[in-house]
Structure formats: structure tokens, C-alpha cells
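Work through the following exercises with the sequence and the model open beside you. Try each task before reading its solution.

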Amino acid sequence: MSGVMKRMGMIFRAKANKALDRAEDPRETLDYSYQKQLELLQKVRRGVADVATSRKRLELQLNQLQKQSSTLEDQGRKALALGREDLAREALSRRAALQQQVSDLEVQHQTLQGEEEKLTLAAQRLQAKVDAFRTKKETIKATYTAAEAQTRIGEAFSGISEEMGDVGMAIQRAEDKTATLQARAGAIDELLASGALDDSSGLAKDDIQSELDRLSGGTDVELELQRMKAELAGGSSTSQQAIEGGQGQSQQLQPRDTPRFDKQ
Amino acid sequence: MIVRIMGEGQVKLADSHFTELNKLDDELLEEMESGDESGFRRTLHALLDKVRELGEPLPDDALEPSELILPAPDATLDEVRSMLSDDGLIPG
């Protein structure tokens with residue numbers, strides 16, 4: 001069959017095999033190969049056994065022929081003793097034919113023995129090879145499994161590091177943004193102070209007002225100082241407590257009032 | 001033998017039918033090689049009809065590898081030719 005059907009079928013099978021090759025697990029292939037080697041070893045061993053059996057059969061035949069041969073020799077001797085030379089001749093000629101068979105069988109026996117020795121040696125060598133392969137196969141399998149695990153760990157790590165990278169980038173972006181905002185705030189303050197930028201909020205004060213504020217602020221401080229001195233002179237313990245309480249309160253408030261740009 | 005008709009499914013065919021089918025299959029190949037589009041179409045339909053007639057359809061969920069594959073009834077000569085080109089049916 002060489003038509004379209006056959007050719008399409010062949011192409012499909014070839015492609016399917018290729019697809020299988022790609023999906024193949026090397027560990028399974030190694031196990032399969034080991035299995036095949038064991039089967040081969042089994043075959044060689046069976047061959048050795050077959051040859052040995054044939055050798056045994058030949059040995060039995062040889063024994064039988066040799067027995068017959070010695071019987072014929074005895075018969076020849078007896079015939080000669082009885083003066084029957086014709087019978088003796090017959091017995092000896094039969095014995096000669098048997099001897100020919102014996103020597104033929106002996107050649108065969110020798111050949112088989114040589115064959116058997118060779119096969120036994122081959123089986124031993126093959127056994128050693130199969131054993132070595134089994135050890136190697138297990139090593140390769142272990143290495144492959146380890147490599148596979150390592151790859152998986154590597155992949156997991158690269159995944160993690162990518163994620164960490166993302167986090168790092170986010171922090172970096174936040175820091176950059178903060179720094180930009182701080183710089184911008186600083187710049188605006190400077191510009192406002194120098195008068196280069198007008199304050200549109202209407203809260204900005206001119207130089208005179210600022211000086212007045214400073215002076216009046218100073219007056220307030222002086223007044224307050226005088227009030228406190230008067231209180232202390234009075235020896236009031238309640239006012240002491242009030243100061244401590246006030247301090248405590250200011251300490252508690254401090255973290256809330258102080259702007260912090262903490263990275264963590 | 002299991003024969004697949006692309007796009008249709010599989011049928012089981014007794015080996016005794018193959019002499020008859022082979023004749024049509026060889027004819028189809030000749031027509032494809034010579035570029036006889038109408039002859040190709042006629043023979044392809046005849047071959048597919050014969051396969052359907054002689055074969056016993058396999059259930060859709062049967063998992064049997066197809067030993068022979070036939071193009072779909074509406075496949076053109078060029079399509080079949082490209083399927084049989086070096087790249088085969090599935091690229092890569």
C-alpha cells in the first residue's frame with residue numbers, strides 16, 4: 001500500500017512519536033532501558049542453558065556409543081577365540097563405523113563446550129554491565145530529580161526576587177515622591193519668603209506687620225514671665241503641678257505634631 | 001484495521017476490504033500527483049463512501065491509534081498535497 005491513506009498515516013505516526021519524545025521523562029527512559037537490558041541478559045542465560053543441555057545430550061550419546069563399541073570389541077574377540085574370523089571381522093567393521101560416529105560427536109561436543117564457555121563469559125560480562133548500568137541509572141535519576149528540584153527552587157526564587165524588586169521599586173518611588181514634595185515645599189517657602197512668589201491665600205504678612213507681631217509676641221512673653229514669677233513667689237504647689245502636667249501633655253503631643261518621613 | 005477520516009472519526013475495517021480500497025487509494029494518489037482536481041474529488045468521495053459503507057464506526061471515546069488516515073471530504077487537492085509534503089500534517 002503506497003497511496004494517500006498509508007502516507008498520511010505514516011506522517012501522523014512520525015509526528016506522534018516526535019511529540020512523545022518531547023514529553024518523555026529521562027528517568028522513565030532509563031528504567032525502560034534497564035528493563036530491556038535485563039531481558040537481554042535473560043535471553044543470553046537461556047542460550048547458555050540451551051547449549052549446556054545439548055552438550056549433556058551429546059555426552060549421553062557418546063557414552064552409549066562407547067558402550068556399544070566395547071561390546072562389539074568383546075564380541076569380535078570371542079568370535080576369534082571360537083575360530084569364527086568372519087564374525088570377528090563383522091563385529092570389528094561395525095565397531096569401526098561406531099568409532100567414526102564417536103569421533104564426529106566428540107568434535108561436536110568440543111565445539112559446544114567452547115560455545116558454552118563463551119556464552120557463560122558473555123553472560124557474566126553482560127551481568128556486570130547491567131549492574132553498572134543500574135547503579136549509573138540510579139545516580140542519573142537522583143541527579144535529574146535534584147536538578148529538577150533545584151530548577152523549581154530557582155524559579156521560585158526568581159519569582160520572589162521579582163516580587164521583592166517590585167516592592168523595592170514601590171519604596172523607591174514613594175521616597176522619590178516624598179523628596180520631590182519636600183523639595184517643592186522648601187522651594188515654595190523660599191520663594192514666598194523672598195517675595196518672588198505671591199501668596200494667594202491672603203495670609204502673607206508684609207514686613208511691617210511681621211515686625212509688629214514680633215514685638216507684640218515679645219510683650220506677651222514678658223507679661224507671662226512676670227505672672228509666673230509672681231506665682232512662684234506665692235509658693236503655690238498647684239501651679240507646680242500644673243507646669244508638670246503641661247509638660248507631660250506637650251511630650252505626648254510632640255510625635256503627633258512633628259512631621260516624620262519614616263521609610264519603614 | 002482502524003481507519004480515520006479526518007474531521008469525521010474512526011471506522012474499523014476488515015483486512016479483506018483493502019484490495020478494493022487500495023485501488024481507489026492508488027488512483028487518488030495518481031490524480032493528486034497529476035493535479036487532476038475533479039478526478040481527485042470524485043475518487044476521494046468514492047473512497048470515503050466505500051470506507052463508510054464497509055467500516056464499522058468506532059465510538060468517539062474509543063482510544064485506538066489510526067493505522068490509516070484519510071483526508072476530510074472537503075479537503076482540496078492542494079491541502080492534501082501540503083499535508084503530504086515534508087513538513088507533514090503537524091508543523092514542527
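**Exercise 1.** Of the contacts in chain A with a separation of 6 or more, what percentage do residues 24 or more positions apart account for?

*Solution.* Begin with what is being looked at: this is a predicted model, in which local features need pLDDT of at least 70, side-chain atom pairs count only at pLDDT 80 or more, and totals for chains, interfaces and linings use all residues. Residues are numbered from 1 along each chain as its sequence is written, chains are lettered from A and ligands numbered from 1 in the order in which they are written, and side-chain values use heavy atoms, with hydrogens and water left out. A contact means heavy atoms within 4.5 Å. With that cut-off, residues 24 or more positions apart account for 81% of the contacts in chain A that have a separation of 6 or more. In chain B, the corresponding share is 69%.

**Exercise 2.** Describe the secondary structure of each chain, and say what part of each is buried.

*Solution.* Helices (H or I, at least four residues) and strands (E, at least two) are DSSP runs, numbered from the N terminus. Chain A has five helices and zero strands, whereas chain B has three helices and four strands, which follow one another along the sequence as β-β-α-α-β-β-α. Buried means under 20% relative accessible area, exposed over 50%, and partly exposed in between (1.4 Å probe, protein chains only). Of the 264 residues in chain A, 15% are buried, while in chain B buried residues make up 40% of 92.

**Exercise 3.** Is A:Ser69 buried or exposed?

*Solution.* First locate the residue, which lies in helix α2 of chain A. Its relative accessible area is 4%, so A:Ser69 is buried. Next, look for its partners: leaving aside residues up to four places away in sequence, A:Ser69 touches A:Arg95, A:Leu98 and A:Gln99. For comparison, take A:Thr71, which also has its place in helix α2 of chain A but is partly exposed, because its relative accessible area is 41%. The C-alpha atoms of A:Thr71 and A:Ala91 are 9.1 Å apart in space, although 20 residues separate the two in sequence.

**Exercise 4.** How do helices α1 and α2 of chain B pack against each other?

*Solution.* Two packed helices are described by the angle between their axes and the distance between the axes. Axes are lines fitted to C-alpha atoms, for helices over the stretch in contact, and angles run from 0 to 180 degrees between N-to-C directions. Helix α1 (residues 18-34) and helix α2 (residues 37-54) of chain B pack at an angle of about 155°, with their axes 9 Å apart. Angles under 35 degrees count as roughly parallel, over 145 as roughly antiparallel, 65 to 115 as roughly perpendicular and the rest as oblique, and α1(B) and α2(B) are therefore roughly antiparallel to each other. Among the residues that make the contact are B:Leu21, B:Leu24 and B:Leu28 of α1(B), together with B:Phe40, B:Leu44 and B:Leu47 of α2(B).

**Exercise 5.** Where in chain A is confidence lowest, and where is it highest?

*Solution.* pLDDT is the predictor's confidence in each residue, from 0 to 100. The mean for chain A is 73, with 56% of its residues reaching 70 or more. Confidence in this chain is lowest in helix α5 (residues 237-257), at a mean of 45, and highest in helix α2 (residues 26-81), at 87. Over residues 238-264 of chain A the pLDDT is below 50, and this stretch has four contacts in the model beyond near neighbours in sequence. Where pLDDT is low, the predicted coordinates should not be read in detail.
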